Amino acid sequence: MSEFMAARPAPSVPAAGAADQVAAEAAVRQAPGDVLLDVRDLRTYYPVRRGLVQSVARAPRRHVHAVDGVSFSLRRGEMVALVGESGCGKTSTLQTILGMVKPTSGTVTLDGTDITALSERQMRPLRRTIQMIYQDPYESLDPRFRVRDTIEEPMLVHGIGSSRSERLPLIAAALEQAGLTPAELFIDRYPHELSGGQRQRVAIAASLVLSPALLLADEPVSMLDVSVRAGVLALLDSLRRDADMAILMITHDLSTAAHFADRIAVMYLGRIVEQGRAADVVRDPQHPYTKALLSVVPKRDPRDRTVPQILTGETPNPVDVPAGCRFHPRCPIATDRCRTEDPALRQPDAAAAGDHLAACHLA
Amino acid sequence: MSLLEVSDLNVWFDLPGGGQVHAVQGVSFALDGGQRFGLVGESGCGKTTTILALMGLLPPNAEVSGDVRIDGRSVLAGGEDSIRPHRWKDIAMVFQGAMNALNPVKKVGWQIAEPMALHGVAEGSAARKRAGELLELVGIPASAAERYPHEFSGGMRQRASIAMALACQPKILLADEPTTALDVMVQAQILELLTSLSDELGLALILVTHDLPVVAQMCDQAAVMYAGKIVEDGPMETLFHAPRHPYTRLLFAATPDLYGREAVVSIPGAPPRLDREITGCSFRQRCDVAMESCATEHPDLITIGAGHRAACLRNTAQREETAEVR
């Protein structure tokens, strides 16, 4: 009996003062670095194709408001989680930061340089400082490439190392940094010889050889088995601590965000509707959308059955963004003001921490 | 007698190069109407194979043994002939990714009515009327029967595929990862629907998922599968608060909880290959409390308490110790 009891995790009942302790821990681990990435009022619209009839009739051009005024910043050594439902603009935000999509307006400042204003040529040397990890390591790795080729390719693109023998130790070091030790065991394998978790580590290693300052991770563990997810997340966690990397992670899993991120930004229909320290957002949510999202996260403990506050319907079409507060058609507490006036992201009266912001008239 | 009784179910797959994979190894459980039962574990542990075997829908290279009874009638012994009268009428399934498997060129209502005609439950206008009722039952207006799948959102398509599974009024519904591709809010809507269906229609529900919190919130009973075997089963509360197999405990510890404060730890290693005989405990290489005897002795699934079974030598060793003390 004793072995089972000793090794069992403690039940997850939030003890009195637990929130304070979390806040204290966050303060200790978050020896704040300088701001690496600053996104200001970013907007990315995609035009909707008009049919022939509409073109002839000069129907107004319509746009998908994928990212519609997003502002946040990210410090070195910090992990921010961007959470929200599909279609809320998480991935578009990442793609705009990465420069894969040109923003309609707004700025993305990386280390003091506004990268939205740069030309393709000026951007190229900066690209190695921003690296992306994709959701599906079964798709993102070339099946015909050995692990060494996958990791060598970005080095060739960016002109790192003059010969194979010079690059080899760097490849091995990246593999070991990504937790694939000993590197010799993995370096000559093909993706099909690796498990999902190992593949994702190879993808991470291929970013690490460029020693990026900013890592963008789009749902990095959602395709992986439950048993290995924690390991990959712990790897990301160690990268920002030891390598001082800033990590922007997209996830739809609030439990993961609560555990691994320093800060959480909740997106709804192209906007950040709430952001703050992870513990503040999870334990003291201010925006009704965040509250609803948190209430539907299934808890591990079967005794902890809370009544989920299920919102009806799905996120509206980002072509026709509702007037006023964009959440008002689904909001359980919306008033007349919410139907006309668009709320700004500000510190709510009830929020304890100064860096806890919500875009709600009633918060 | 339970509604569904599965005893000593085994499934082997013939490999193209010769040899066999023993994908399901002696699985037994029973289920009553209105009960919700979770089947959890990592991918490749035999969850989906188990429920496909119950439906008699395994590919031709599969070999099945054991006994599956619905209402006391054996449905496995006579092969296809014995399962056909029960499939969809008594036992139905929502497949993984079913929401993406609707026929894009047929109206949703037609697709729901089709199995009714095939199984002689209803035809023509009666079937169409029933399709509308089924859509209402899963929370879609009956008028949507005249629409095509592409006009539906992901959540609505998943509701429609649940309606399709319910077309012939089954008593048992098998759901394979019904919410994996869905957003949290839509996931909550679908889980609420499945819960109310099992309560109101008295459906026995088997939920196959790797998502422990979903099972924790929805199911009364669950079985944890590892390498083709049930390694622990029992009431959900017991599995979380007093697990007696290290795999169950480690799976919970690898799952982050919204308000959980302890570290989330992954389980090292990977499940073993099932194309060769495993001596001893199949989990021992990944186990944090393995003993010497785990390498040689095979742990049996033994009863620990009321409705609670686990297959770990630590339980056996402990029982002998207590016996000696007495």
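In the predicted model described here, helix α9 of chain B is largely enclosed by the rest of the structure, because 8 of its 8 residues are buried. The buried residues of α9(B) run through Pro246(B), Tyr247(B), Thr248(B) and Arg249(B), and then through Leu250(B), Leu251(B), Phe252(B) and Ala253(B).

In soluble globular proteins, nonpolar side chains tend to be buried together. The largest nonpolar core of the present model has 196 residues, and those with the most contacts inside it are Ala205(A), Val266(A), Val215(B) and Val224(B). Helix α10(A) gives the largest share of this core, 8 residues. Because domain 1 (3-49 + 59-129 + 212-358) and domain 2 (143-211) of chain A both give residues to the core, it lies between them. For Val266(A), when neighbours within four places in sequence are left aside, the contacts include Val83(A), Gly84(A), Ile272(A), Val273(A), Glu274(A) and Gln275(A), and they extend to His287(A), Tyr289(A), Thr290(A) and Leu293(A).

Chain A further contains an open sheet of 7 strands with mixed pairing, in which the strands follow the order β6-β7-β8-β3-β9-β10-β11. The edges of this sheet are formed by β6 (130-133) and β11 (357-358) of chain A, each of which pairs on one side only. Strand β10 (residues 271-277) of chain A runs antiparallel to β11(A) and is joined to it by 2 bridges; Glu274(A) stands opposite Ala358(A) in β11(A). Helix α4 (residues 90-98) of chain A packs on the sheet, where it touches β3 (79-83), β6, β7 (214-218), β8 (246-251) and β9 (263-268) of chain A, and the direction of this helix makes about 150 degrees with that of β7(A). Helix α13 (residues 288-295) of chain A likewise packs on the sheet, touching β9 and β10 of chain A, and its direction makes about 105 degrees with that of β9(A).

In chain B, strand β1 (residues 4-14) and strand β2 (residues 20-31) run antiparallel and are joined by 9 bridges, with Phe13(B) standing opposite Val21(B) in β2(B). The two strands β1(B) and β2(B) form a hairpin with 5 residues between them, and Gly18(B), which lies in the turn, has a positive phi of about 85 degrees.

The peptide bond from Thr181(A) to Pro182(A) is cis, with omega near -10 degrees, and Pro182(A) is placed in the loop between α8 (164-177) and α9 (196-208) of chain A. Asp41(A), which is located in strand β1 (residues 35-47) of chain A, has a phi near 45 degrees, a positive value in a residue other than glycine. Because Asp41(A) has 13 C-beta neighbours inside 10 Å, it counts as partly exposed. A phi near 45 degrees, again positive in a residue other than glycine, is found for Glu177(B), which is placed in the loop between β7 (172-176) and α6 of chain B. With 20 C-beta neighbours inside 10 Å, Glu177(B) counts as buried, since the cut-off for a buried residue is 20 or more.

Terms used
Residues numbered from 1 in each chain as written. Chains lettered and ligands numbered in written order. Predicted model: local features only at pLDDT ≥ 70, side-chain atom pairs only at ≥ 80, totals over all residues. Core = buried A, V, L, I, M, F, W, Y, C linked by C-beta atoms within 7 Å. Buried ≥ 20, exposed ≤ 12 C-beta atoms within 10 Å, placed from the backbone. Helix = DSSP H or I, 4+ residues; strand = E, 2+ residues; numbered from the N terminus. Domains from an automatic or database assignment. Contact = placed C-beta atoms within 7 Å. Pairing = 2+ DSSP bridges. Axes fitted to C-alpha atoms, helices over the stretch in contact; angles between N-to-C directions.
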